[in-house]
Amino acid sequence: MTAITASAFSRVAPRGAVVAAEVFTRVLNGLRVMFAPAPRSFAQEVAEVRALAHALRNEDPRLSTELMCAADRYERHYVG
């Protein structure tokens, strides 16, 4: 006959662990907010797409043209 014994373990956090975890979480969230990239404007996004189109002009003229057209449509719709 086989006997199975089950033990119930209770986890007890060391003193101050909950407070330390809360402090660590708040510091980490504060650093994330502090070092988050600034939001880009629509004009900056259009400029980046156009720069990519100019960089690809010699390698893939069709893609370059499509990117320029997309940048124009985006600019008309969002920028002004």
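The model is predicted: local features need pLDDT of at least 70, side-chain atom pairs count only at pLDDT 80 or more, and totals for chains, interfaces and linings use all residues. Residues are numbered from 1 along each chain as its sequence is written, and side-chain values use heavy atoms, with hydrogens and water left out.

Helix α2 covers residues 42–55 and helix α3 covers residues 61–79; they pack at an angle of about 170 degrees, with axes 8 Å apart. This makes α2 roughly antiparallel to α3. Helices are DSSP runs (H or I, at least four residues), numbered from the N terminus. Axes are lines fitted to C-alpha atoms, for helices over the stretch in contact, and angles run from 0 to 180 degrees between N-to-C directions. Angles over 145 degrees count as roughly antiparallel.

Contact means heavy atoms within 4.5 Å. On the α2 side, the residues that meet α3 include Phe 42, Val 46, Val 49 and Leu 52, and on the α3 side they include Leu 67, Met 68, Ala 71 and Tyr 78. The residues of this contact divide into 12 nonpolar, 2 polar and 4 charged. Here Ala, Val, Leu, Ile, Met, Phe, Trp, Tyr, Cys and Pro count as nonpolar, Asp, Glu, Lys and Arg as charged, and the others, Gly among them, as polar.

Ser 64 lies in helix α3. Ser 64 counts as buried because its relative accessibility is 8%. Leaving aside neighbours within four places in sequence, Ser 64 is in contact with Ala 53, Leu 56 and Arg 57.

The structure holds 5 salt bridges (a side-chain nitrogen of Lys or Arg within 4 Å of a carboxyl oxygen of Asp or Glu). The table lists some of them.

| Pair | N to O distance |
|---|---|
| Arg 40 and Glu 45 | 3.9 Å |
| Arg 50 and Asp 72 | 2.6 Å |
| Arg 50 and Glu 75 | 2.9 Å |

Asp 72 in helix α3 and Arg 50 in helix α2 are 22 residues apart, and their pair links distant parts of the chain. Arg 50 is partly exposed, at 22%. The pair of Arg 50 and Glu 75, 25 residues apart, also links α2 with α3. Glu 75 is partly exposed, at 30%.

Arg 40, Glu 45 and Glu 48 are linked in a network of salt bridges. Arg 40 is partly exposed, at 46% relative accessibility, and Glu 45 is partly exposed, at 22%.

Terms used: Helix = DSSP H or I, 4+ residues; strand = E, 2+ residues; numbered from the N terminus. Parallel < 35°, antiparallel > 145°, perpendicular 65-115°, else oblique. Buried < 20%, exposed > 50% of the residue type's maximum accessible area, 1.4 Å probe, protein only.
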